[in-house]
Amino acid sequence: LAFVGQPTDAAAGAVVSPAVTVQARDSFGNLAPGVPVSISLSTGSGSLGGTTARTSDANGVATFADLSINLAGTKKLMAASGVLTTGESDAFTITPAAAYHLALQTQPSATATAGTVFVQQPVIRIEDQFGNLVSSDNSTPVGVTRNTGSGILQGTTNLVAVGGLVAFTNLAHNVATTI
């Protein structure tokens, strides 16, 4: 088995395009039609979506036209079919999809002294729908507010993302209460 149409870079969750193709040949180098071929991730993490089992056509080619991967990073694919020698693809990159939601990477201090800057400041992540950090985001404004309790959240409460992260540095609360 050999990759004749290598996977290309794509966004998380998007179909890898053009289609990935694998050619099956017998031990003499002849095209091998009708061979069941399966494809899987050989390096990198995430879930490989799409139809991962195909049969080679009259030209010995198995076409995987709907493959996608949910987690960002560098990947390689492996093709296999019974006793045939397996083939591994070239490396390719899955990038984060579009920003989808905010996630708390670092919680603020569980306890603090009223009017004193929290020892541990919150860090907010901008993630795509698969939980990948959208590290290219350097423009999304993020604001924090007190959700429960009374008093005023002090410090700089509005920042702009840098590398997909918003790291607060001087938040404090002026009332001794649970917030």
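Author: What follows is a set of questions about terms and the values behind them.

Author: The model is predicted, and local features need pLDDT of at least 70, side-chain atom pairs count only at pLDDT 80 or more, and totals for chains, interfaces and linings use all residues. Residues are numbered from 1 along each chain as its sequence is written, and side-chain values use heavy atoms, with hydrogens and water left out.

Reader: How do you know that S12 and strand S13 are paired?

Author: A strand is a DSSP run of E with at least two residues, numbered from the N terminus. Two strands pair if DSSP finds at least two bridges between them. S12 and S13 (residues 123–127) have 5 bridges in the antiparallel sense, so by the definition they pair. In one of the bridges, His101 has Glu127 of S13 as its partner.

Reader: What makes strand S12 and strand S17 edge strands?

Author: The open sheet has 3 strands in the order S12-S13-S17, with antiparallel pairing. Strand S12 (101–106) and strand S17 (165–167) each have a single partner strand, so one side of each has no neighbour in the sheet. On average, neighbouring strands here are turned by 25° against each other, direction ignored; the axes are lines fitted to C-alpha atoms, and angles run from 0 to 180 degrees between N-to-C directions.

Reader: Why is Pro18 called exposed?

Author: Exposed means over 50% relative accessible area, buried means under 20%, and partly exposed lies in between (1.4 Å probe, protein chains only). Pro18 has 54%, so Pro18 is exposed. Pro18 lies in the loop between strand S2 (10–11) and S3. The peptide bond that joins Ser17 and Pro18 is cis, with omega about 5°.

Reader: Why is Ala114 called partly exposed?

Author: Ala114 has 39% relative accessibility and therefore counts as partly exposed. Ala114 sits in the loop between S12 and S13.

Reader: What does Ala114 touch?

Author: Contact means heavy atoms within 4.5 Å. Not counting residues up to four places away in sequence, Ala114 touches His173, Asn174, Val175 and Ala176. Ala114 and Ala176 are 62 residues apart in sequence but 5.3 Å apart in space, C-alpha to C-alpha.

Reader: What makes a space a pocket?

Author: On a 1 Å grid over the protein atoms alone, a pocket is an open set of points with protein on both sides within 12 Å along at least five of seven lines, whereas a cavity is a set where a 1.4 Å probe fits but cannot get out. The largest pocket holds about 590 Å³ of space, a volume being the space filled by probe spheres set on the points.

Reader: How many residues line the largest pocket?

Author: Lining residues have an atom within 4 Å of a point. The largest pocket has 25 of them, and Pro108, Ser109, Phe118, Leu153 and Ile179 lie nearest its centre. The lining divides into 14 nonpolar, 10 polar and 1 charged; Ala, Val, Leu, Ile, Met, Phe, Trp, Tyr, Cys and Pro count as nonpolar, Asp, Glu, Lys and Arg as charged, and the others, Gly among them, as polar.

Conventions: Helix = DSSP H or I, 4+ residues; strand = E, 2+ residues; numbered from the N terminus.
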